[in-house]
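Hello,

Here is the structure I promised to pass on to you. Please open it next to this email, and then read on for what turned up in it.

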Amino acid sequence: MFEQKESGFWDTPENDNEHQTEAEISESEQEPGVISHEKIDHLMRKHIKNLLTTKEGFLGSGNISHAHSNIDEPRFCFKLTTERTSMGKNIPPPNVPLTSKENRTPIDSYHIGPEKEGEFLKELNEKNFDESVIVPAPCAWATFEQEDEGDTYYAKEKIHVLVMETIQGPTVGEVIRGEKELPKNFDPDTFFPAVYAYIEKMHTHGIYHRDLHQDNLMIDTETGKPCIIDFGRGAYGSEEDAYQFQFSENGKVHTGQFTRDEDYVSQTEREIRAYLNQKS
């Protein structure tokens, strides 16, 4: 059984009705776009175990996280990051091989967690730099913990959950790989200038994504607008220091550098334009 250890909510016009009775919750949720904190909390508790052991609503995964849609409330999706320890050491969680330590790179230790990632999403939605670029709105975060006694070890599993707005559409990477159809309203001549302008405004405010590859850039199905997702490696800083990182290996300290946001997007633009030229 998973026990919820920590949690928090972000107040938005869609979920600012924090204290309601069950009847009030049921009535208010007949209105489009309205959901209570209690309902979000219920959805997290209800689905946490299934999301870890099945492919229910699976949307995609990265090095240390995976995302699922919410079949009960499709307006929202879950992003889960798993930590599993035994005798103080990380071990691979069951059924989630992508989160195992062996598959991680040094920069995966820079994942900032669901609360901080949600704060980035909240700030970007509040600043609303440009309506031509979408950033999903955060709803809630929580940390669940499960302890298991096995035959040979004692394992503790922590699941970090971020609940946020669902964006309908493929990633640019999914289109390039032929996994999903390109939305009809996609226009690279407006899509990429909007992304570059948005990145510049983010950087002006000291916000850096640091993982803006082709699978963290979505295309909204209805409008063709760009959507930037997964701020799990986001950071505040300046152009000089935001992309720098350090890690220890075999007792030695090494330095490295994240790929710059604009360099990632430039690479993605070249690849999608090559894909479109090949298809035409």
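To start with, a contact here means that heavy atoms of two residues lie within 4.5 Å. With that in mind, look at contacts between residues at least 6 apart in sequence: 66% of them join residues at least 24 apart. Please remember as you read that this is a predicted model.

Now the overall picture. The chain has 280 residues, and 46% of them count as buried. You can find six helices and 13 strands in it. The chain exposes about 14,800 Å², with carbon and sulfur atoms supplying 47% of that area.

Next, the inside. Which residues have the most contacts within the largest nonpolar core? They are Leu124, Phe191, Tyr198 and Phe231, and the core has 31 residues. Several elements each supply at least two residues of this core: the helices and strands are α3 (114-127), β7 (154-165), α4 (172-176), α5 (188-204), β9 (217-219) and α6 (261-279). The largest share, seven residues, comes from α5.

Leaving out residues up to four places away in sequence, Phe191 touches Val172, Phe186, Leu217, Met218, Ile219, Gly224, Lys225 and Pro226. There is also a second, separate core of 11 residues, and among them are Leu80, Ala142, Phe144 and Val163.

Then have a look at Glu165, which is found in strand β7. Is Glu165 buried, exposed or partly exposed? Its relative accessibility is 31%, so Glu165 counts as partly exposed, given that buried means under 20% and exposed means over 50%. Apart from neighbours within four places in sequence, Glu165 is in contact with Arg75, Phe76, Cys77, Val135, Pro136, Ala137 and Cys139. Take Ala137 from that list: Glu165 and Ala137 are 28 residues apart along the chain, yet their C-alpha atoms are separated by 5.3 Å.

Last, a hairpin to trace by eye. Strand β12 (residues 244-249) pairs with strand β13 (residues 252-257) in the antiparallel sense, over six bridges. Within this pair, Phe247 of β12 stands opposite His254 in β13. Two residues lie between the strands of the hairpin, and Asn250 in the turn has a positive phi of about 55 degrees.

Happy exploring, and do write back with any questions!

Best wishes

Notes
Residues are numbered from 1 along each chain as its sequence is written. This is a predicted model: local features need pLDDT of at least 70, side-chain atom pairs count only at pLDDT 80 or more; totals for chains, interfaces and linings use all residues. Side-chain values use heavy atoms; hydrogens and water are left out. Two strands pair if DSSP finds at least two bridges between them. Helices (H or I, at least four residues) and strands (E, at least two) are DSSP runs, numbered from the N terminus. A nonpolar core is a set of buried Ala, Val, Leu, Ile, Met, Phe, Trp, Tyr and Cys residues joined through side-chain atoms within 4.5 Å. Buried means under 20% relative accessible area, exposed over 50%, partly exposed in between (1.4 Å probe, protein chains only). Accessible areas come from the Shrake-Rupley method with a 1.4 Å probe; for residues, only the protein chains shown count as cover.
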